[in-house]
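Here is a short report on a predicted model.

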Amino acid sequence: MKGNPSIKGLLIAVVVFIVAFGTYFLFLAKENYYLVDNPTPKTYYYKINNGSEGVISGGQSVQVKLNKGKNSIKVFDDNKKLLYDSAFQVNKIRGLLNIAHQDYYINSQYYGYNLKKDSLLLALGKTTIDGKEYFGGARHFNKLYTDDFYYNVDEDYDKIIKNVEKVEFRTKIFRKQDYLNYYKEYYKF
């Protein structure tokens with residue numbers, strides 16, 4: 001049993017397996033969470049599902065726990081006066097609560113081999129922001145809750161392209177000004 005090649009092979013396979021999963025969970029795995037976001041300078045108080053009171057200052061994002069299915073939220077101003085009491089449906093494993101009902105944009109970034117960015121932008125349509133047209137077809141959002149994206153406001157797009165054989169896309173939700181800054185930097189018009 002000392003020099004058994006089968007045992008050595010099994011041990012090597014187990015070590016490689018552990019290293020591969022360790023690398024994935026340390027560097028590549030994407031955490032799933034829900035955010036309450038406030039891009040305004042105001043402070044808001046909120047209660048989710050009649051739980052404990054939370055506070056969110058201007059420009060801040062806070063991770064919160066939500067249940068799949070129906071959830072409720074009460075939002076108060078900085079004087080703790082009730083602004084609204086609403087319900088929303090959670091379907092996915094990450095989402096954003098827009099308690100200030102501000103403008104956000106959900107953008108799709110495409111990855112792949114031989115991607116023609118200019119013709120793709122024209123094909124996706126235009127979005128009008130403050131009277132100016134932007135190519136790429138970003139979707140406007142200003143309702144209370146959405147989970148129709150892959151990257152949240154506090155995350156960046158992947159820097160590494162994982163599969164270059166076909167064209168794929170990932171969606172990200174941006175605050176309005178963050179989207180305008182991203183657009184200007186990424187597309188360089």
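Helix 3 is the top contributor to the lining of the second largest pocket, giving five residues. Helix 3 (176-187) and strand 13 (168-175) each supply at least two lining residues. The pocket holds about 240 Å³ of space. Its lining includes Asp-156, Asp-158, Lys-159, Lys-172, Asp-178 and Glu-185. Also in the lining are Tyr-157, Phe-174, Tyr-182 and Tyr-186. Gln-109 and Asn-181 line the pocket too.

Next, the cores. In soluble globular proteins, nonpolar side chains tend to be buried together. The largest nonpolar core here has 19 residues. Tyr-46, Val-64, Leu-66, Ile-73, Leu-97 and Ile-99 have the most contacts inside it. Strands 1 (34-38), 2 (44-48), 4 (60-64), 5 (69-76) and 6 (82-90) each give two or more residues to this core. Apart from it lies another core, of 13 residues, including Tyr-111, Tyr-134, Phe-174 and Tyr-187.

Beyond its neighbours within four places in sequence, Ile-99 is in contact with Val-36, Asp-37, Ile-73 and Leu-144, among others.

Is Asp-37 buried or exposed? Asp-37 counts as buried because its relative accessibility is 0%. Asp-37 lies in strand 1.

| Side-chain pair | Polar contact |
|---|---|
| Asp-37 and Ser-61 | 2.4 Å |
| Asp-37 and Arg-175 | 2.6 Å |

Leaving aside neighbours within four places in sequence, the contacts of Asp-37 also include Ile-56, Leu-97, Tyr-104 and Val-153.

Key
Residues numbered from 1 in each chain as written. Predicted model: local features only at pLDDT ≥ 70, side-chain atom pairs only at ≥ 80, totals over all residues. Heavy atoms only, no water. Core = buried A, V, L, I, M, F, W, Y, C linked by side-chain atoms within 4.5 Å. Buried < 20%, exposed > 50% of the residue type's maximum accessible area, 1.4 Å probe, protein only. Helix = DSSP H or I, 4+ residues; strand = E, 2+ residues; numbered from the N terminus. Contact = heavy atoms within 4.5 Å. 1 Å grid on protein atoms, 1.4 Å probe; cavity = no way out; pocket = protein on both sides within 12 Å on 5 of 7 lines; lining within 4 Å. Points joined across faces, edges and corners; volume = space filled by probe spheres on them. Polar contact = N/O pair within 3.5 Å; in protein donor to acceptor, adjacent residues only side chain to side chain.
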